[in-house]
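Please keep the sequence and the structure in view while reading.

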Amino acid sequence: MPIDKTLARKITKDISVSLLLYALPVTVLFLYFALKGETPWVNNTHTPAAVNVPAFLKFLTPVFKNIHSWGFIVIALVVGAAEFALGLYDNKWTKSERTIDIVCFLAPKLLLPPVTGYFSLKLLPWLLPGLANQFSWIPFWAGFFIIAVADDLTQYWYHRLHHQLPFLWRFHRTHHSAPYMGMAMAGRQNFIYTAFFSQIYLTATLVYLGLGLPALFVTVIKSFITLSAHSSIPWDKPFYKYRVLHPVAWVLERLISTPATHQSHHADTVDDGVGNYKGNFGNMFFLWDIIFKTGIITRRYPTTFGIKFYKQEEWYAQFLWPIFKSKKPGSELAANGPEVGDEIPETALYYEEDFVPRPQELEKVAYQGLSNN
Amino acid sequence: MDCSIDKRGFMIFNDVTILSKKILVGFLIYIIPLTIVAGGLWLIRILLTR
């Protein structure tokens, strides 16, 4: 399926802007050292920076340090237990969906570490010999800024292209197939989609180059934000409800993914003015959607989730397509199935300058859509 | 759960092509920011050491 020319031009333009965004933290660091006249790399002892954790957060230290192994599982289970206690899965968590969620949650924890471990411990030292900790002179604040932008902007593009390039959609489809929201959604992915996450390898390379501690902090914060954005617990609701919190809400919903803006991405329709499944691609930062005008900010939550053309495909097809195919006729994951089952045209690009408040949606801040067809 | 695969369900050449294209896209999304960030940090050292 060919890509719409207007969309291709928009992608090219946005990629050009992204190159400047990647360079921004490095430029700030250059100006900082240039103005202060410091050259910390001259006598660099390669001692990793240390950060003192406040006493009341000490109990979380082991979770943080082991975020890539059992730390994330602990956080996910705590959030998941809260969702169950609140009865937020309703009766949509069928046996089939449960199997997909559990396989997608657990299998990568076993299958991925050998891959990333080999990349970090064997491949990088072989490809970049003698460059380990070369950038350990970078102050923590700068490393945090560099990793946050590099990691999350890369994930934004990885995610966005899986929606906008038709041949990539089926690798990401599993993440959208569930007719409900919950913390399990954060890990519900086709394994090939997860295994080739560009930002994992980018951050691993920057860790090898000496940005380990900032990367750890970014990973922890990102895990919390992405998990809570996928969660069915609408933690952002009070910010919209109470007028005194509106200024905070205004900043939050533009800066990071909230349940409202991210659930909008998981909606199965765009017709209700809340859903925007062809936009709102941000993971940790929603800011990228604001910059590239791919997002709508909503303070309401979709009523239905998933994909209209879902055929409850087998767990193995959802987890390992194209290695295993679905036997469901007409499925996107079946042999000879359609590349993209969605017939709705690509119209989900929104432009702030054309903002028009809709009377029936007074609570909602929206960007008036312009069709690029 | 039935995991068996019929002939039409197994990977074909077209799937390998899609997978290769996917890996290429992923690699570009990895290498471009890495070049900008690591290259930029290296440039800081060069420019300010002079």
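How many helices and strands does chain B have? Chain B has one helix and zero strands, whereas the secondary structure of chain A comes to 14 helices and two strands. The model is a predicted one, and every value given below was computed from it.

**Overall make-up**

Chain A has 373 residues, of which 40% are buried, while in chain B, with its 50 residues, 20% count as buried. Among the contacts in chain A with a separation of 6 or more, 72% are between residues 24 or more positions apart.

**The nonpolar cores**

The largest nonpolar core holds 49 residues, and those with the most contacts inside it are A:Ile146, A:Ile147, A:Ala150, A:Leu153, A:Leu206, A:Leu211 and B:Val37. At least two residues of this core come from each of helix 1 (5-36), helix 5 (140-164), helix 8 (198-208) and helix 9 (212-230) of chain A, and likewise from helix 1 (13-49) of chain B. Helix 5 of chain A gives the most to this core, namely eleven residues. If residues up to four places away in sequence are set aside, A:Ile147 touches A:Thr203, A:Leu206, A:Leu211, A:Pro214, A:Ala215 and A:Val218. Another core, of 24 residues, lies apart from this one, and A:Ala267, A:Tyr277, A:Phe305 and A:Phe319 are among its members.

**The contact between the chains**

Across the two chains, 35 residues of chain A are in contact with 27 residues of chain B. On the side of chain A that touches chain B, helix 1, helix 5, helix 8 and helix 14 (315-320) of chain A each supply at least two residues, and helix 1 of chain A gives the most, with eight residues. By class, the residues of that side of chain A divide into 29 nonpolar, four polar and two charged.

| Helix 1 of chain A and helix 1 of chain B | 9 Å | about 20° | 14 nonpolar, one polar, no charged |

For the pair between the chains, the axes of helix 1 of chain A and helix 1 of chain B are 9 Å apart, at an angle of about 20°. Helix 1 of chain A is therefore roughly parallel to helix 1 of chain B, and their crossing is right-handed. An α-helix has 3.6 residues a turn, so residues three or four places apart point the same way.

A:Thr116, A:Phe119, A:Ser120 and A:Leu124 of helix 4 of chain A make the contact with A:Ile200, A:Tyr201, A:Ala204, A:Thr205 and A:Tyr208 of helix 8 of chain A.

**Helix 6 of chain A**

In helix 6 (residues 169-176) of chain A, the buried residues include A:Arg170, A:Phe171, A:Arg173, A:Thr174 and A:His175. The buried residues of this helix pack against helix 4, helix 5, helix 7 (191-195) and helix 14 of chain A, as well as against helix 1 of chain B.

**Backbone details**

Most residues other than glycine have a negative phi, and most peptide bonds are trans. A:Asn133, which is not a glycine, has a positive phi of about 60°, and A:Asn133 is found in the loop between helix 4 and helix 5 of chain A. A:Asn133 counts as partly exposed because 17 C-beta neighbours lie inside 10 Å. For A:Asn336, phi is also positive, near 65°, and A:Asn336 counts as exposed because it has 10 C-beta neighbours inside 10 Å. A:Asn336 has its place in the loop between helix 14 and strand 1 of chain A. A:Pro322 lies in the loop between helix 14 and strand 1 (349-350) of chain A, and a cis peptide bond, with omega about 5°, joins A:Trp321 to A:Pro322.

Methods
Residues are numbered from 1 along each chain as its sequence is written. Chains are lettered from A and ligands numbered from 1 in the order in which they are written. This is a predicted model: local features need pLDDT of at least 70, side-chain atom pairs count only at pLDDT 80 or more; totals for chains, interfaces and linings use all residues. A nonpolar core is a set of buried Ala, Val, Leu, Ile, Met, Phe, Trp, Tyr and Cys residues joined through C-beta atoms within 7 Å. A residue is buried if 20 or more other C-beta atoms lie within 10 Å of its own, exposed if 12 or fewer, and partly exposed in between; C-beta atoms are placed from the backbone. Helices (H or I, at least four residues) and strands (E, at least two) are DSSP runs, numbered from the N terminus. Two residues are in contact if their C-beta atoms, placed from the backbone, lie within 7 Å. Ala, Val, Leu, Ile, Met, Phe, Trp, Tyr, Cys and Pro count as nonpolar, Asp, Glu, Lys and Arg as charged, and the others, Gly among them, as polar. Axes are lines fitted to C-alpha atoms, for helices over the stretch in contact, and angles run from 0 to 180 degrees between N-to-C directions. Angles under 35 degrees count as roughly parallel, over 145 as roughly antiparallel, 65 to 115 as roughly perpendicular and the rest as oblique. A crossing is left-handed if the near helix is turned anticlockwise from the far one by less than a right angle, and right-handed if clockwise.
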